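Me: Please show me the sequence together with its structure, and then take me through a few questions on it.

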Amino acid sequence: MKGFGVAVLMFMLLNLAITCNAQLRTGFYWGKCGKNSVEGLIRGVVQARLQRDPTVAAALLRLQFHDCFVTGCDASLLLDGPKSEKTAFPNLSVRGYDIIEEAKLLLERTCPVPKTVSCADIIAVATRDAVFLSRGMNYRVQTGRRDGFVSSAANVNLPSPFITVKASIDAFKAKGLNKTDMVLLLGAHTVGITHCPLIFNRLYNYNNTRTKDPTMKDTEFNAWSKLCPNPSSTNPKDIATLKKNKPIALDQTVGSIKTSRRSQRSPRHRSSFRDRPIDCWHR
Ligand code: HEM
């Protein structure tokens, strides 16, 4: 079940820690917000959003990855500023900032002590909830992260969608993640949206051949070319999007990212899921 896979991805995502002090724990916020359940409040926000937009799980998965890959899971992606991480090119299409903000505002209004809950924890909990509520697996999230104060576009070293598998392996390795982790995490591309200009090349002019990528099956081509029919479009807003009311399991973005495709094809990179304890990333 793909939803399950996506949920397990989150274990791995939380496992992005290179250095890790065992200070995170489940239930870190118990009793810290009066009689209210911090995780219950976050889940309420995510649930309401999901009812309006079933693509929320994909948005939050990507948001968490983009935050964690750069200077750890410290919510530095959320900080505003003329040259903050948010302004870096790969983050311009990240969605879901407003969901984290809504949850943060609710917690600030509800908890007796201000600034009780970190944004980094809100991201981790909200993403888990979005995965679970989209028919993925439920899992415990350890909390107690602190938010970072430094956010610089110059630190954003996210892999480009056009890099080779080797370069991608190296980028993940630099974060302490091995090939298995990488392949597993790239499985997140089974959900979500992509912008059509990113896949026109594979659909209509692969390596300047004026035809599709030969490794793409006809069924795949037919589906994608219906979603992105206009190869001459330069409109960055053209989006191949998740159909309304589809659950998380819809295979959507997977065909779009070259690295994902290549790494899935390569037998070297086939791997099975491994259960690992959730790690922490406490700064
Ligand atoms: C080599 C690494 C990666 C590359 C090059 C990559 C690249 C991309 C690109 C280009 C998009 C489309 C963005 C758009 O058109 O708006 C995308 C979407 C997405 N990515 Fe990745 N990605 C990578 C790794 C990951 C990882 C590790 C995760 C999560 C664990 C992830 C989760 C997602 C999700 C869920 C979407 C859909 C987002 C949405 O619906 O708004 N990606 N990625």
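Predicted model: local features only at pLDDT ≥ 70, side-chain atom pairs only at ≥ 80, totals over all residues.

Me: Which residues of α2 are buried, and why do they lie on the same side of α2?
Reply: Helix α2 runs over residues 38-52, where helices are DSSP runs of H or I with at least four residues, strands are runs of E with at least two, and both are numbered from the N terminus. A residue counts as buried if 20 or more other C-beta atoms, placed from the backbone, lie within 10 Å of its own, as exposed if 12 or fewer do, and as partly exposed in between. The buried residues of α2 are Val 38, Glu 39, Leu 41, Ile 42, Val 45, Val 46 and Arg 49. They lie on the same side of α2 because the directions from the helix axis to their C-beta atoms cover an arc of only 165 degrees.

Me: Which exposed residues does the face of α2 turned away from its buried side carry?
Reply: The buried residues of α2 pack against α3 (56-69), α4 (97-110) and α5 (119-133), contact being counted when C-beta atoms, placed from the backbone, lie within 7 Å. On the face turned away from that buried side, the exposed residues are Gly 40, Ala 48 and Gln 51.

Me: How many residues of α5 are buried?
Reply: α5 has 15 residues and reaches 20 Å from its first C-alpha to its last. This helix is largely enclosed by the rest of the structure, because the number of its 15 residues that are buried is 14.

Me: Which element supplies the largest share of the shell around the ligand?
Reply: The ligand is surrounded by 27 residues, each having its C-beta atom, placed from the backbone, within 6 Å of it. At least two residues of this shell come from each of α1 (2-14), α3, α7 (179-186) and β1 (194-195). The largest share, five residues, comes from α3.

Terms used
Residues numbered from 1 in each chain as written. Expected span 1.5 Å × (residues − 1). Contact = placed C-beta atoms within 7 Å.
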